[in-house]
Number of protein chains: 2
Amino acid sequence: MTDVARLAGVSHQTVSRVLNGHPNVREQTRLRVRAAIAELGYRPNKAARALVTGRSQLIGVVAQNSTLYGPASLLAAFEAAAAEAGFAVSVGRVNVLDRNSISDAVERHRDQRVAGIVVIAPTASANDAVGDVSAGIPLVTVDGDPERSTPLVTVDQAAGAFAATTHLLEAGHRTVWHVSGPSDWFDSLGRIRGWRSALETAGLEVPPVVPADWSAASGYRAGQMLARMPEVTAIFAANDHLALGILRAMSERGRRVPHDVSIVGFDDVPEAAYFIPPLTTIRPDFHAVAKETLELLLAQVADGEVGAPQRNVPPALVKRDSVAPPVQ
Amino acid sequence: MTDVARLAGVSHQTVSRVLNGHPNVREQTRLRVRAAIAELGYRPNKAARALVTGRSQLIGVVAQNSTLYGPASLLAAFEAAAAEAGFAVSVGRVNVLDRNSISDAVERHRDQRVAGIVVIAPTASANDAVGDVSAGIPLVTVDGDPERSTPLVTVDQAAGAFAATTHLLEAGHRTVWHVSGPSDWFDSLGRIRGWRSALETAGLEVPPVVPADWSAASGYRAGQMLARMPEVTAIFAANDHLALGILRAMSERGRRVPHDVSIVGFDDVPEAAYFIPPLTTIRPDFHAVAKETLELLLAQVADGEVGAPQRNVPPALVKRDSVAPPVQ
DNA sequence: ACCAGGCGTGTTATCGCTAACATCGAGTAC
DNA sequence: GTACTCGATGTTAGCGATAACACGCCTGGT
């Protein structure tokens, strides 16, 4: 920096001012400094800046260590959004979403003097942990508990589930069964809520929830059971991988999809269009979630406190070939 | 830090020594300092340390912005490995793997004073870019060009493809067709090489490569063509999603898998066991790749130059139900 | 003509840490 | 007993940036 200052014939402070877009610099000086920067290939040292300002251009993300499609997509989308805004993203994966590991990960990020932290906290335990550590640093929760009072961005699970269920009912089914995700995930709860509400709105019977986790394996097991029940003609699966397992179970039992059974999934994984048959599903807008998250975070960075805004991003129904009217 | 020093009745330098595990500190003093640290809840400022040492406990990863299963798994595995070794990981996603964006991402990481950089560079253009920027900072390429002389860790694509092809031949097939990934990926090239070499070793005819990208969509298109060719009885797909598309094309044309056509995939995505039928595939050991990568990187950080070691991690064959002997 | 006030710029202090050297006492060799 | 070594600790000087204040100079109002 001193070299740049010397070459441009100014003080290092003026160089700093140019770098930070300070208004009170003469246009001519600004150009001279920029030229010197370019000539020397100078790049500012972020560590030094972070030291003196107490903030780095770094955003910490705490996420579960998984390759589940939803969280992974969200993370990728967020990294893209952050990069666009000039922030680097430091990812702290965590194996279990409990209090200890989360607050640990948050503290590690804080040591790095990150500008803000995003926690992808889809379970209750994760949310509790967030409540503890939130003090004194901009923090946004994604996929968390709407009851809690931290800034929060989520996919509107209930709306998606409502749309999926309604779509099946409109095709003529008498009721819709639901294979759900793990019961400690808010995603699961929201999807159950939307499904139930669609059935109740239509004045229909609500069958028992068929519990599963997110895996194709558990979908397969659930599917084996449902395939044996002739009254089951429509299933809303809590995600596409569950739907895949169900499809296989149906196929093994000779129940044709969509002729005998209609299925709707959730997530719109890239290969969903190539399931047998192509899967009708709900597509969350991860890009929008990432954008909202970044906005909320940067607003906190800029303004200090901004209350606890919540954003709920509605997903879209993608119609393919796994839904048909029931056979009478 | 000064507070800690005062409370422990030592100088701040001694605190620093305790923090960094310097040997020449009396045991009693060390304990006193540690107690003071615990009492005050002191946490060292990483930015300050990075400033003075010129290195942070941060590893930069440059990866393509995709949710492809392979790269995403690799990234997750690497983050886990790095966390275990006490490093944070800063991810710089890049939309296209060209010279500019890669060297940009690398420079951004360098500004952060990362300890080292990992580039996931599965294409030729990415590798060229890495060649340019590698100077002066520990750097390991993953999934890159074996011809190039940077430290490199890869999945042994050729060995996996060889195993897949040989497995099909051992089932009795006369030859094996290959639906390949994009031709600018080293993964694709390696898999083609292994497939070809297995056929040549067996003294068999090598059919033309059927080109595709990694998507189920392109697998479906390739499958539509192959389904019309009765002489095709065995297919090695360059990844599981391609295999999924092929499965669907076969199913639509009434060609049963594995009765009429046998298929082997690559990647072992979690849902591969729930395809119809469950897919025989090749499982890369991402965890091992991540571990080797970190080792190579830390060796560079410690020793300065270490030449250009290369590690090749062999994958495993996972047998399921998509392979059977051909119908005579 | 004089002074207030903004603008452009330079000077100095400081962020929290580690490196390098200084110091001091105790053991060891002769 | 003197000198030398070494281990434990303290002191001082930066790392490379920004913040705060100081300082001219020009402008405009009276």
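**Core packing, chain contacts and the DNA-facing surface**

B:Ala237 touches B:Val179, B:Gly219, B:Leu242, B:Ala243, B:Ile246, B:Ile263, B:Val264, B:Gly265 and B:Phe266, when residues up to four places away in sequence are left out of the count. The model in which these contacts occur is predicted. B:Ala237 is also one of the residues that touch the most other members of the largest nonpolar core, a set of 98 residues; A:Ile235, A:Ile246, B:Ile235 and B:Ile246 share this position. In soluble globular proteins, nonpolar side chains tend to be buried together.

Several contacts of B:Ala237, including B:Leu242, B:Ala243 and B:Ile246, are buried residues of helix α11(B). Most of α11(B) is covered, with eleven of its 14 residues buried. The buried residues are B:Asp240, B:His241, B:Leu242, B:Ala243, B:Leu244, B:Gly245, B:Ile246, B:Leu247, B:Arg248, B:Ala249 and B:Met250. Their cover includes, from chain B, strands β6 (177-180), β8 (234-237), β9 (262-264) and β10 (281-283) as well as helix α10 (216-227). After α11(B) comes B:Gly254, which has a positive phi near 80°.

Between the two protein chains, 44 residues of chain A are in contact with 43 residues of chain B. On the chain A side, two or more residues each are supplied by α4 (46-53), α5 (69-84), β2 (88-94), α6 (99-111), α10 (216-227) and α11 (240-252). Helix α5(A) provides the largest share of that side, seven residues. By residue class, the chain A side consists of 22 nonpolar, twelve polar and ten charged residues. The chains are also linked through strand pairing: β2(A) and β2(B), the latter spanning residues 88-94, run antiparallel and are joined by three bridges. Within this pairing, A:Val91 stands opposite B:Val89.

DNA strand D has 23 residues around it, of which A:Met1, A:Ser16, B:Ser11, B:Gln13 and B:Val52 come nearest. Both chains contribute to this surface, with two or more residues from each of α2 (12-19) and α4 of chain A and α2 (12-19) and α4 (46-53) of chain B. The greatest contribution, five residues, is made by α4(A). The surface near DNA strand D divides into ten nonpolar, eleven polar and two charged residues.

Notes: Residues numbered from 1 in each chain as written. Chains lettered and ligands numbered in written order. Predicted model: local features only at pLDDT ≥ 70, side-chain atom pairs only at ≥ 80, totals over all residues. Buried ≥ 20, exposed ≤ 12 C-beta atoms within 10 Å, placed from the backbone. Helix = DSSP H or I, 4+ residues; strand = E, 2+ residues; numbered from the N terminus. Contact = placed C-beta atoms within 7 Å. Nonpolar A, V, L, I, M, F, W, Y, C, P; charged D, E, K, R; others polar. Pairing = 2+ DSSP bridges. Near = placed C-beta within 6 Å. Core = buried A, V, L, I, M, F, W, Y, C linked by C-beta atoms within 7 Å.
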